[in-house]
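Subject: Structure for you to look at

Dear colleague,

Here is the structure that I promised to pass on to you. Please open it beside this message, and read the notes below with it in view.

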Amino acid sequence: MSNEFSINKKVEVKIQRILSELISIKISDPRLRNIIISEVRVNKDISTAKAYFLILNKQNNTKQIELLLNKATGFFKKEMSTQLNLKKLPNLIFVYDTKEQDALQMNKLIDKTILNDQKNK
């Protein structure tokens with residue numbers, strides 16, 4: 001079990017590094033210039049890889065960027081095939097990373113609850 005975990009983790013790190021390099025060096029589309037791959041998660045059998053991304057400047061629509069990245073999966077897989085030693089490359093799925101917004105929303109809810117509790121005392 002631990003060996004399987006370590007293999008998956010290594011694949012995740014490699015895919016994240018490769019995608020980050022490709023986006024920063026080889027992509028010519030200016031809409032994808034301010035993208036950061038924040039995390040990659042592969043499923044147990046490494047058939048699917050979800051790549052979570054962040055946008056540095058919010059000038060572009062997240063759905064538009066997500067569509068662009070998902071359309072470019074063929075290019076990414078072709079480039080990854082030379083750097084990953086896997087029998088079969090995982091299918092790439094790009095997902096906008098909402099962890100930061102979720103954390104801010106959670107903090108707002110906590111602050112609101114604390115204020116309500118203080119008012120009720």
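Helices (H or I, at least four residues) and strands (E, at least two) are DSSP runs, numbered from the N terminus. Asparagine 70 is found in helix α2 (residues 62-71). The model is a predicted one, in which local features need pLDDT of at least 70 and side-chain atom pairs count only at pLDDT 80 or more, while totals for chains, interfaces and linings use all residues. Residues are numbered from 1 along each chain as its sequence is written, and side-chain values use heavy atoms, with hydrogens and water left out.

With a relative accessible area of 29%, asparagine 70 is partly exposed, a class that lies between buried (under 20% relative accessible area) and exposed (over 50%), using a 1.4 Å probe and protein chains only. Leaving aside residues up to four places away in sequence, asparagine 70 touches Leu92, Ile93 and Phe94, where contact means heavy atoms within 4.5 Å.

Rings of Phe, Tyr and Trp (its six-membered ring) pair if their centres lie within 6.5 Å, and planes under 30 degrees apart count as stacked, over 60 as edge-to-face and the rest as tilted. By this rule there are three aromatic pairs. The ring centres of phenylalanine 76 and phenylalanine 94 are 5.4 Å apart and their planes are at 50 degrees, so this pair is tilted. Phenylalanine 76 belongs to helix α3 (residues 73-81) and phenylalanine 94 to strand β3 (residues 91-96), 18 residues apart, and both are buried. Ring pairs also link Phe75, Phe76 and Phe94 into a cluster.

Best wishes
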